[in-house]
Amino acid sequence: MELEPVKTFLGATAANKIQPGINLVGICYDGTTSFRPGTRFGPDAFRDASYGQESFSPYFRTDIEDKKIYDLGNLPQFTSRFDRIQECFAELVKEADLKKSKIITLGGEHSLSQIPVSHYLKTYDDLVVLQFDAHADLREQYLDDPHSHASVMRRIAEAMNEKQKIVQYGIRSGTKEEYNYMESKGTLMPNFKALYDFLQESKAPLYITLDLDFFDPSELPGTGTPEAGGHSFKEWIELLKILKDKTIVGGDIVELSPPIDSTGNSNSFAAKVLRELIAIL
Ligand code: MN
Ligand code: MN
């Protein structure tokens, strides 16, 4: 009898601690979701959907099976305890060298991104956090919660030194205050050309935080706060073609909400988005 292997993303090796190479970690947290919960099911949906896909990326002529990829599974589930998730993640990375290990965190809701980012900010003193998102996520606080998904980039900005920087692309929703903030700090890339020019000039290490509502709801409906007028998968590939020559040190993909799209197509879409990100690392 042969036992079924532990389910990992696209044939990644199961591991229980951070390894040199690419590490996937799921955080099943949707404690502050304001509109429609469900992202706690996101991490496993990436893995399940990946079983229908090839490990070969035709866009980058790369088989991700040739890379050192480890899937650590999910953090213990404390769906409403942000502080406990912080502690668990800190424990996980305690002995890891983030200059040798790239962590891709799978959400879960966007608020959790500040947890991995906080460790990368300590590792790289000129880190650029590149946010792909429909929403600015710069609120001072939201629904009385400073750790809300709607405040995540504000919290990250507050944790930064003067050399570290936020760059935002795809934003098409925010309050007047958030737009004022983006304008005064120069964080918003209003179009592809602006982002392209920034990336051409920057040599800084990049952390990518991808909120899946960056994509248009016609392509990816399975997310809690859809916003019309978004980007396409083809544009994601064009972005990755530029990013592949950059130093990407870590990232996260958040806000996949499987219960919202009962066809499962959004899960497959998200798994392919992740495969292509891994292909350029
Ligand atoms: Mn968003
Ligand atoms: Mn977001």
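Before anything else, how I name pieces: helices (H or I, at least four residues) and strands (E, at least two) are DSSP runs, numbered from the N terminus. I'm working on a predicted model, where local features need pLDDT of at least 70, side-chain atom pairs count only at pLDDT 80 or more, and totals for chains, interfaces and linings use all residues. Residues are numbered from 1 along each chain as its sequence is written, chains are lettered from A and ligands numbered from 1 in the order in which they are written, and side-chain values use heavy atoms, with hydrogens and water left out.

Entry: I looked for a cis peptide bond and found one joining glycine 107 and glycine 108, with omega about 15°. Glycine 108 sits in the loop between strand 6 (101–107) and helix 3 (114–123).

Next I checked phi. Leucine 10 isn't a glycine, yet its phi is positive, about 40°; I found leucine 10 in the segment before strand 1 (13–14). Aspartate 137 isn't a glycine either and has a positive phi of about 55°. I place aspartate 137 in the loop between strand 7 and helix 4.

Are these two buried or exposed? My cut-offs are under 20% relative accessible area for buried, over 50% for exposed, and partly exposed in between (1.4 Å probe, protein chains only). Leucine 10 is buried because its relative accessible area is 10%, and aspartate 137 is buried because its value is 5%.

Entry: Distant parts of the chain get linked: aspartate 133 is in the loop between strand 7 (128–132) and helix 4 (152–158), and aspartate 211 is in strand 10 (residues 206–211), 78 residues apart. The manganese ions (ligand 1 and ligand 2) are 3.2 Å apart, and aspartate 133 coordinates both. Aspartate 133 counts as buried because its relative accessibility is 0%; aspartate 211 does too, at 2%.

Entry: the neighbours of phenylalanine 132. Leaving aside those within four places in sequence, I see phenylalanine 132 in contact (heavy atoms within 4.5 Å) with residues including Tyr169, Leu195, Asp211 and Trp236.

Key. Donors = N, O, S within 2.8 Å, 3.2 Å for Na, K, Ca; no water.
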